[in-house]
Amino acid sequence: MRVGQKMTHNPVTVRPNDTLDKAAEKMNAGRFRRLPVVDKGDVAGIVTDRDLVRRGLARGLPADARADSVMSAPVVTIGAEDDLHDAFALFRTHGIRRVAVVEDERFIGMITVDDLLI
């Protein structure tokens, strides 16, 4: 089975220049713990609730600071046509639970450990 068959299509994202406040609002509204940071179709990073607290709030950044100032990067990616076994190997090798899915080097979705278990 291919990654593209199990991934989450069109996930909620933020842009690098979106504010921390906007990222937090999107997380709260969708009950997400992390959002991909996408710039012109390319995944630039991931911003997590922990990033907002530890890299933002704890360091005194204002709510209008940019999402890319606290995001985690680079992002591990996998192709939509890759086999699910390859995704599992990435999770295990990198000790992560989510991988950005790309097609022709453009961000198209996310696959999680939970996607492989369900």
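**Figure 1. Asp49 and its salt-bridge partner in the predicted model.** D49 is partly exposed, with a relative accessible area of 29%. The model shown here and in the views that follow is a predicted one. The side chain of D49 meets that of R33 in a salt bridge, with an N to O distance of 3.4 Å. R33 lies in the loop between α2 (20-30) and β2 (34-39), whereas D49 belongs to helix α3 (residues 49-56), so the pair ties together parts that are 16 residues apart in sequence. R33 itself counts as exposed, because its relative accessibility is 52% and the cut-off for an exposed residue is over 50%.

**Figure 2. The salt bridge of Asp18 and Arg15.** Side chains of opposite charge can pair when their charged atoms come close. In this view, the side chains of R15 and D18 meet in a salt bridge of 3.0 Å, N to O. Is D18 buried or exposed? With a relative accessibility of 5%, D18 counts as buried. R15, at 46% relative accessibility, counts as partly exposed. The pair belongs to a network of salt bridges that links R15, D18 and K22.

**Figure 3. The salt bridge of Asp68 and Arg66.** The side chains of D68 and R66 meet at 2.8 Å, N to O, in a salt bridge. D68 is partly exposed, with a relative accessible area of 27%. R66 is also partly exposed, and its relative accessible area is 40%. A search of the whole structure finds 8 salt bridges; among them are the pair of D68 and R66, the pair of R15 and D18 and the pair of R33 and D49.

**Figure 4. A patch of negative charge on the surface.** Which residues gather in this patch? The patch brings together E81, D82, D86, E103, D104 and E105. One of these residues, E81, is located in the loop between β4 (77-79) and α4 (84-94). E81 counts as exposed, because its relative accessibility is 57% and the cut-off is over 50%.

**Figure 5. Phe91 in helix α4.** F91 is found in helix α4. F91 is buried, because its relative accessible area is 5% and the cut-off for a buried residue is under 20%. V76 is 15 residues away from F91 along the chain, and the C-alpha atoms of the two are separated by 9.4 Å.

**Figure 6. Glu25 in helix α2.** E25 is found in helix α2. At 49% relative accessibility, E25 counts as partly exposed.

Figure 7. The protein has 5 helices and 6 strands. Beginning at the N terminus, its elements follow the order α-β-α-β-β-α-β-α-β-β-α. The radius of gyration of the protein is 14 Å, close to the 13 Å that the globule rule gives for 118 residues, so the protein is as compact as a globular protein of that length. Taken along the principal axes, the box filled by the C-alpha atoms is roughly 45 × 25 × 25 Å. What share of the 118 residues is buried? Buried residues account for 36% of them.

Definitions and conventions: Residues are numbered from 1 along each chain as its sequence is written. This is a predicted model: local features need pLDDT of at least 70, side-chain atom pairs count only at pLDDT 80 or more; totals for chains, interfaces and linings use all residues. Side-chain values use heavy atoms; hydrogens and water are left out. Patches are made of residues with over 30% relative accessible area and no salt bridge: like charges are joined within 9 Å, nonpolar side chains (Val, Leu, Ile, Met, Phe, Trp, Tyr) within 5 Å. Accessible areas come from the Shrake-Rupley method with a 1.4 Å probe; for residues, only the protein chains shown count as cover. A salt bridge is a side-chain nitrogen of Lys or Arg within 4 Å of a carboxyl oxygen of Asp or Glu. Lys and Arg count as positive and Asp and Glu as negative; His and the chain ends are not counted. The place of a charge is taken as NZ of Lys, CZ of Arg, CG of Asp or CD of Glu. Helices (H or I, at least four residues) and strands (E, at least two) are DSSP runs, numbered from the N terminus. Buried means under 20% relative accessible area, exposed over 50%, partly exposed in between (1.4 Å probe, protein chains only). The radius of gyration is taken over C-alpha atoms; the globule rule is 2.2 Å times the number of residues to the power 0.38.
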